[in-house]
Structure formats: C-alpha cells, structure tokens
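Hello,

Here is the structure I said I would pass on. My notes on it follow below.

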Amino acid sequence: MLAYAEVPIGGRPAACARCRPCPEEAPFIPAEEVASAIRRDVQARGGSVALVGGDAFEHPAWRDLVSGALVAGARRLRTDAGPALAVYAEEALCVGVRHVRVRLLAPPSRHDELLRAAGAGEATLAGVRAFLDAAERAGVSAVVTAILPVCRHNLHDLPATVTALAETGAASAEAVLDTASVPPGPAAPWLAAAADSGTVNRMWLRLAGVTEGALPGYEMHFEPPFATGEPA
C-alpha cells in the first residue's frame, strides 16, 4: 500500500452520530493554507499526496486544490470524497483526480440513520459508480478505496456494508474498529464475516484496530492489500 503525505482540508468526515451526538464545528480550511501545505509536503512521500477530511468535493475551491497539487508535483493524489462525488464525478476525473476514498458507515438507509443525513449513503455509492464508469468510458485508470468506521452501533451491519461497497467496483476498504466502543473479542465474528464478504465479492478488506490473536485465521487481513488498482 502506498504511503501518502496527508494534507488536511477540514470538513467533517462521516461518523456515527450516536457515538458523537454533538460534534464540533469543522469548517473547511482556506484554499491558500491547503495549497501551502501541499507545496511543503508534496515530496515527503515520493510525490504521493492525500487530501483528507470531509468530502473534498464540498470544498468551495476543490478544483484549485486538485490542480494545485498536480502542478506542485504530486505524482499520485488521493482525495477524500462523499455524496458530492455523485455530482462532480466526471469533472473530478477531467481535472486529474484518479483515486478517491469514501467513508461508509453501513448500507445506504442505515448509513443515513447513523449519520443523520438523508440520502447520503446512496449518493456516496452513486458517486463511486459514476466515477469508475466515467474512468472506464475515458479509458483512464482510476481507483476507489474506502474507510469503514466500526462501532457498537454498526458492527452488525459490517458484512452487508462490505458487500454494498464491493458491488460498486471499489478496489479495497479498511474497517477501523473503535475499540473504546466495542472490544475486539465480541466483534470478531462480525469482522470475520465482513472479511469473507470482501473475499467473495473480490474486494480486499483490511482490519484495523484488531489485536494479534483476536481473529485466528484472518491475520492476512491485518496487512495492507497487496494490490489496490492504484494508478501508476
């Protein structure tokens, strides 16, 4: 798995509203500050840069951030995305985005319930499909990966979440267990089922937050994917 120099853009990543009922305000960082950080960090990971935070395509200057990163020398650019990708998928590809990373809490209707945002789950998956479809039409190599935050409120949804994401054509995902919310022991059967769902549906699932020995037979899933389809 490639290591990225992560540049925060602000915004609020999708998270369980039951775990955090009163989240702090998270405005987007001004474009000038983000651009300065990109120029500073672009060579730190061999030219691999990630714009991390909320849905980058909701940032009012997302086009400038992407083009600025490429002009600054980013050889690989990963962009965090969400529902707005469904609106800008084709344009994102045109301006140089080749790797997007989404966050999904559960299958669409359950995602909306946990996030308290109607339509967000289906829009996120629609954005993934639209981005990959646009890349195929253009003959361009592009990839989608995902973060799947796991807490006690969505643990039982995880296998279905993996299946829903895999059906869009996403290359890989990382399930990140919140051990303060649910210990690895009780979570183990659901994590194993999710890993199996990924394997059956040809999408690699990495398990993060799981201690060694907590999931015998699934140690390979503690490692990054051997191949994500990352554009060269």
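**Helix H4 and its surroundings**

The buried residues of H4 pack against strand E4 (99-103) and helix H5 (120-138). Those residues of helix H4 (residues 108-115) are Arg110, His111, Asp112 and Leu114. Just after H4, Arg116 has a positive phi of about 60°. Buried here means under 20% relative accessible area, exposed means over 50%, and partly exposed lies in between (1.4 Å probe, protein chains only). Helices (H or I, at least four residues) and strands (E, at least two) are DSSP runs, numbered from the N terminus.

This is a predicted model, in which local features need pLDDT of at least 70 and side-chain atom pairs count only at pLDDT 80 or more, while totals for chains, interfaces and linings use all residues. Residues are numbered from 1 along each chain as its sequence is written, and side-chain values use heavy atoms, with hydrogens and water left out.

**The chain as a whole**

The protein chain has 7 helices and 7 strands. From the N terminus on, the order of elements is β-α-β-α-β-α-β-α-α-β-α-β-α-β. The radius of gyration is 17 Å, close to the 17 Å that the globule rule gives for 232 residues, so the chain is as compact as a globular protein of that length. That radius is taken over C-alpha atoms, and the rule is 2.2 Å times the number of residues to the power 0.38. Along its principal axes the C-alpha trace spans about 45 × 40 × 35 Å.

Of the 232 residues, 52% are buried. The chain exposes about 10700 Å², with carbon and sulfur atoms supplying 53% of it (Shrake-Rupley method, 1.4 Å probe; for residues, only the protein chains shown count as cover). Among contacts (heavy atoms within 4.5 Å) between residues at least 6 apart in sequence, 74% join residues at least 24 apart.

**Cores**

A nonpolar core is a set of buried Ala, Val, Leu, Ile, Met, Phe, Trp, Tyr and Cys residues joined through side-chain atoms within 4.5 Å. The largest one has 63 residues, and those with the most contacts inside it are Leu51, Phe57, Phe131, Leu148, Leu165 and Leu215. A second, separate core of 5 residues includes Cys16, Ala106, Leu114 and Cys151. Leu215 is in contact with Ala188, Leu191, Ala192, Leu207, Val210 and Phe222, leaving aside neighbours within four places in sequence.

- Ser48 is found in strand E2 (residues 48-53) and counts as buried at 2% relative accessibility.
- Leu132 lies in helix H5 and is buried, with a relative accessible area of 16%. Leu132 and Thr179 are 47 residues apart in sequence and 33 Å apart in space, C-alpha to C-alpha.
- Leu205 lies in strand E7 (residues 204-208) and counts as buried at 0% relative accessibility. The C-alpha atoms of Leu205 and Ala146, 59 residues apart along the chain, are separated by 9.4 Å.

Regards
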